[in-house]
Amino acid sequence: MKCRVCRGPAVVDVRRHNAGFCAEHFIDHVHRQVERAIDDFRMFSPEDRLLVAVSGGKDSLAVWDILLDLGYDATGFYLDLGIGGYSERSKQAAVGFAQRRAAKLIVRSLADEHGFSVPELARLTGRVPCSGCGLNKRYEFNRAALQEGFDVLVTGHNLDDEVATLFGNVLHWNVDMLGRQAPVLEERVIGGDVALVRKVKPLVRLAERETAAYALLRGIDYIVEECPMVAGNTQHRYKEAVTLLEEASPGTKHQMYFGFLQRAAQRFAGDAGEGRLVRCSSCGAATPAWDDGEAVCSFCRTKALAQRRREQGPPERKSRRRRR
Amino acid sequence: MKVRLRNPDREVEVTGPKTVAEVLAELGIVPEAVLVIRDSTLLTRDDRVEEGDEIEVRPVLSGGSA
């Protein structure tokens, strides 16, 4: 296979573009795709201060690397979730990358900030670990961006992430989630102050295989091992299913996601169900209020439940009769 | 040839020479879901792998939640 640009030997094949690329021209291709996503969806401008949520994995380190190369003011944010050796190694990957690129990295720990790790929270609340982890990350990323004065929060979600989410939302007809699925989530304001920072996903035009190839070719030392709590994760199963379709018919993922954005997303806009935003009566973060009563955000409700269970001990398990 | 698989880490032997596509087919791995690496260099699915080579098959699909 030859590089589409220089006709030298290709090292990456991108079947949905019916193209091969050498290392140099593949990196150009990735940069162009990210620039196009930033322009097409008007994600941010060179004047904006960007906070990049980094996990130590390939996607978040790749997007940070690309934004730095493109000249944006991008600071990393690593949240230590307290998942044993996995969190230690992923933090080392994020810190090592920041040192090599001489980039600023903010590091916080969930346990230091709130007194709980993700495994503890899952054990005490009975919540699925990935669900609790997602809640913690969304809360802490937004909190850090507001506290540190950033204009935009950047995440490393790629085309596969978005397609898997879309696939799941369609399978279950989560019309409210379909109404909110977009490469940009606009900032939300309460009483004249920003309460939810603008969130953007510059990698939406790149498949996960492309971001992995980019990270490898750029010599980014990312954490290859999977989170030990992710076993059996639904999102992962959806990715595998859609990847089988992509293998049989290259371009399926792109058509599904960008077809949705162009031809279907608007139909669900009225179902987004975002409600009126108010301040959480416990922590002051933004949370939807569905009536005139006092609102407590999901993060504070989960944290309070964990604190109660920790003091009282976990509830006794009831034996369940199997239903047929 | 030696094939290193990840998550969990393990090694299997595959008889060469073969193309990358043939190696992955023999192992029942979907090419779109992995990168194939030899001596820190990426291989495309039509690249040939020889009997004494060592390659890594690295999964690219991660799980988790936003």
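**Note on a predicted two-chain model**

1. B:Pro8 is placed in the loop between β1 (2–5) and β2 (10–13) of chain B, where strands are DSSP runs of E with at least two residues, helices are runs of H or I with at least four, and both are numbered from the N terminus. A cis peptide bond, with omega about 5 degrees, joins B:Asn7 to B:Pro8. B:Asn7 is found in the loop between β1 and β2 of chain B, and its phi is near 50 degrees, a positive value in a residue other than glycine. B:Asn7 has 12 C-beta neighbours inside 10 Å and therefore counts as exposed; a residue is exposed with 12 or fewer other C-beta atoms within 10 Å of its own, buried with 20 or more and partly exposed in between, the C-beta atoms being placed from the backbone.

2. On the basis of the note: this is a predicted model, in which local features need pLDDT of at least 70 and side-chain atom pairs count only at pLDDT 80 or more, while totals for chains, interfaces and linings use all residues. Residues are numbered from 1 along each chain as its sequence is written, and chains are lettered from A and ligands numbered from 1 in the order in which they are written.

3. Two further backbone features deserve a look. The peptide bond from B:Gly16 to B:Pro17 is cis, with omega near -5 degrees, and B:Pro17 lies in the loop between β2 and β3 (18–19) of chain B. In chain A, A:Arg42 has a phi near 45 degrees, which is positive in a residue other than glycine; A:Arg42 belongs to the loop between α1 and β3 (49–54) of chain A and is exposed, with 9 other C-beta atoms within 10 Å. As background, most residues other than glycine have a negative phi, and most peptide bonds are trans.

4. The largest nonpolar core has 101 residues, and A:Leu50, A:Val52 and A:Val154 are those with the most contacts inside it. Such a core is a set of buried Ala, Val, Leu, Ile, Met, Phe, Trp, Tyr and Cys residues joined through C-beta atoms within 7 Å. Beyond its neighbours within four places in sequence, A:Val154 is in contact with residues including A:Leu50, A:Val52, A:Val200 and A:Pro202, where contact means that the C-beta atoms, placed from the backbone, lie within 7 Å.

5. After α9(A) comes A:Gly219, whose phi is positive, near 70 degrees.

6. The axes of helix α1 (residues 23–40) and helix α9 (residues 208–217) of chain A come within 10 Å and cross at roughly 130 degrees; axes are lines fitted to C-alpha atoms, for helices over the stretch in contact, and angles run from 0 to 180 degrees between N-to-C directions. This makes α1(A) oblique to α9(A), because angles under 35 degrees count as roughly parallel, over 145 as roughly antiparallel, 65 to 115 as roughly perpendicular and the rest as oblique. A:Ala23, A:Phe26, A:Ile27 and A:Val30 in α1(A) meet A:Glu210, A:Ala213, A:Tyr214 and A:Leu217 in α9(A). The residues of this contact divide into 7 nonpolar, no polar and 1 charged, with Ala, Val, Leu, Ile, Met, Phe, Trp, Tyr, Cys and Pro taken as nonpolar, Asp, Glu, Lys and Arg as charged, and the others, Gly among them, as polar.

7. The axes of α2(A) and α9(A) come within 9 Å and cross at roughly 65 degrees, which means that α2(A) is roughly perpendicular to α9(A). Here A:Lys58, A:Asp59, A:Leu61 and A:Ala62 of α2(A) make the contact with A:Thr211, A:Ala212, A:Tyr214 and A:Ala215 of α9(A).

8. A:Tyr222, in the loop between α9 and α10 of chain A, is buried, with 23 other C-beta atoms within 10 Å. The C-alpha atoms of A:Tyr222 and A:Ser90 are separated by 7.7 Å, although the two residues are 132 residues apart along the chain.

Key: Contact = placed C-beta atoms within 7 Å.
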